[in-house]
Amino acid sequence: MKKFIAIGLALAVLLLAQVAALAEAPCAYFDEHGDHDWEQGDVQKPTCTTDGYYELKCKVCGVTKTETSEPAMGHDWQETGSKEESTCTQEGWAEVKCANCGEVSKMTLPLAPHKWEVKSETKSTCAVKGSKVEECSVCKQTRTTESNLLPHVYSAWTVSKQATDHSQGRRERTCTVCGNKETEYFYPDGTLMRGGKRGDEVQALQIKLVAMGFLHDVADGIFGKNTEQAVKQLQLAEGLHSDGIAWPQTLAAVDARYQRTVSSVTPAPTAAVPTGPVSAPRRCTPSPSRTRPPAPMCSSPR
Ligand SMILES: [Zn+2]
Ligand SMILES: [Zn+2]
Ligand SMILES: [Zn+2]
Ligand SMILES: [Zn+2]
């Protein structure tokens, strides 16, 4: 009896295994080719809102799957002529109908612009900003626009204090429209300073400052911190007010000192004196005294 039960169990296990295998739907074609033997069904065309598709079915095992053919087309809205125009305060609408599927809908129309009319306007001067008041003829809304001040209309400068070769002058001018006064301090012509004019004049000064040992930098025509420092040192050496500004007075002192230097120095291989041979073979030190009044210069043999 026990033997029969054992055989019966074994049979049951075998049966179960076969049922399980059938449920997995084995496909001989798939086993051999790695894919089913698909057959394509009818293609369903896309509509306005749904994708087109077709069905694939395996000729061997009957498995199916669905593939998309084309995306949904979207509605093709056409105005029907039934509409309400927008105003500047109320959005309008237009009835539309889809040329493909016949669906009817309403589209919102954007607000119409205001119809501005100028109510009052004042022009700007150099003292008072002008303004323009406009009103919408439809909704009566108003808006005000300011316009920018105009520039002053100045008379020519009147010098109230003359500049000297080592000090600023002062000048004034008045707006002929509003009477606004402007005062300005100005440097005498030819003054060179840090952050000021660049170019040949600055470079000529730098070349002399380098040659006399005040400036240890390239003469690049830009009046920077080093040039300013060199001018200060030279002013100290010349007994001038040491402010680093190359006033006409300072420039004259530079020229005079430079003339004395080039006429008394023998050009050495290391000396940076950009000049031709000098007659006097005497040697002297042109380096400036940093704190003392001008160092005595070598006297020319001439
Ligand atoms: Zn198959
Ligand atoms: Zn449609
Ligand atoms: Zn309006
Ligand atoms: Zn003015």
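This is a predicted model: local features need pLDDT of at least 70, side-chain atom pairs count only at pLDDT 80 or more; totals for chains, interfaces and linings use all residues.
## The chain overall

So what is the chain built from? Its secondary structure comes to 5 helices and 12 strands. As for contacts, take those between residues at least 6 apart in sequence: 37% of them join residues at least 24 apart.

## A sheet of three strands

Let's zoom in on one open sheet of 3 strands, with the order β4-β5-β6 and antiparallel pairing. The edges belong to β4 and β6, each of which pairs on one side only. Going from one strand to the next, the twist averages 35 degrees.

## How β4 meets β5

Strand β4 covers residues 77–84 and β5 covers residues 92–98; the two are antiparallel, paired over 5 bridges. Who sits across from whom? Gln 78 stands opposite Lys 97 of β5, while Glu 84 has Trp 93 in β5 as its bridge partner.

## How β5 meets β6

On to β6, residues 104–109, which runs antiparallel to β5 and is joined to it by 6 bridges. Lys 97 turns up again here, with Val 104 in β6 as its bridge partner.

Strands β5 and β6 form a hairpin with 5 residues between them. Which residue there takes a positive phi? That's Gly 102, at near 80 degrees.

Technical notes
Residues are numbered from 1 along each chain as its sequence is written. Chains are lettered from A and ligands numbered from 1 in the order in which they are written. Helices (H or I, at least four residues) and strands (E, at least two) are DSSP runs, numbered from the N terminus. Two residues are in contact if their C-beta atoms, placed from the backbone, lie within 7 Å. Two strands pair if DSSP finds at least two bridges between them. Axes are lines fitted to C-alpha atoms, for helices over the stretch in contact, and angles run from 0 to 180 degrees between N-to-C directions.
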